[in-house]
Amino acid sequence: MRKQSGGTTEMLGLHAAVQRFPSQAGKIQDLLASDEAFQGMCDDLATAEQVLSAVDQLPAGIRIERRLEYERLVEELANEIENALHRSNIIPISRPQRP
């Protein structure tokens, strides 16, 4: 589920993440360019949101269960992305080595 024609999946991942965290758009772009795990989270978020938006087309017998499943997945992915953005704010401070 990585790269579709012309990077479509990545663009959807970027869009999904920026929609959730608009004030972090620059950081999201930087992380997408440098962190494959972050790319995967954003792509997965975009895919989960697409599936969630189409859940009403499923048979009534499974619609509610799938909606709950994908709502939960979207929230979990959004939390992971938020944590990754937070971690990217942390700048390690190295202490001078003692002789």
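The legends below describe a predicted model.

View 1. Along the sequence, the elements read α-α-α-α. The chain has 99 residues, of which 26% are buried.

**View 2. Helix α3 packs against helix α4.** Helix α3 covers residues 36-53, and helix α4 covers residues 60-87. Their axes lie 9 Å apart. The packing angle is about 155°. Angles over 145 degrees count as roughly antiparallel, and α3 and α4 are therefore roughly antiparallel to each other. The crossing of α3 past α4 is left-handed.

**View 3. Residues from both helices make the contact of α3 with α4.** From α3 come Phe38, Met41, Cys42, Asp44, Leu45, Ala48, Glu49, Val51 and Leu52. The α4 side supplies Arg67, Tyr70, Glu71, Leu73, Val74, Leu77, Ala78, Glu80, Ile81, Ala84 and Leu85. Sorted by class, this contact holds 15 nonpolar residues and five charged ones. It has no polar residues.

**View 4. Helix α2 crosses helix α3.** Helix α2 takes in residues 25-34. The axes of α2 and α3 come within 6 Å. They cross at roughly 115°. This crossing is left-handed. On α2, the contact residues are Ile28, Leu31, Leu32, Ala33 and Ser34. On α3, they are Glu36, Phe38, Gln39 and Cys42. The class count for α2 with α3 is six nonpolar, two polar and one charged. Phe38 and Cys42 of α3 take part in the contact with α2, and Phe38 and Cys42 also take part in the contact with α4.

**View 5. Ala78 sits in helix α4.** Is Ala78 buried or exposed? Its relative accessibility is 5%, so Ala78 counts as buried. The cut-off for buried is under 20%. Leaving aside residues up to four places away in sequence, Ala78 touches Arg20, Phe21 and Leu45. Leu45 is also one of the α3 residues in the contact with α4. Asp44 is 34 residues from Ala78 in sequence. In space, the C-alpha atoms of Ala78 and Asp44 are 9.9 Å apart.

**View 6. Met11 lies in helix α1.** Helix α1 spans residues 8-20. Met11 has a relative accessibility of 51%. Exposed means over 50%, so Met11 counts as exposed. Which residue is 35 positions from Met11 in sequence and 9.2 Å away in space? That residue is Ala46, with the distance taken from C-alpha to C-alpha.

Terms used
Residues numbered from 1 in each chain as written. Predicted model: local features only at pLDDT ≥ 70, side-chain atom pairs only at ≥ 80, totals over all residues. Heavy atoms only, no water. Axes fitted to C-alpha atoms, helices over the stretch in contact; angles between N-to-C directions. Helix = DSSP H or I, 4+ residues; strand = E, 2+ residues; numbered from the N terminus. Parallel < 35°, antiparallel > 145°, perpendicular 65-115°, else oblique. Left-handed = near helix turned anticlockwise from the far one by under 90°. Contact = heavy atoms within 4.5 Å. Nonpolar A, V, L, I, M, F, W, Y, C, P; charged D, E, K, R; others polar. Buried < 20%, exposed > 50% of the residue type's maximum accessible area, 1.4 Å probe, protein only.
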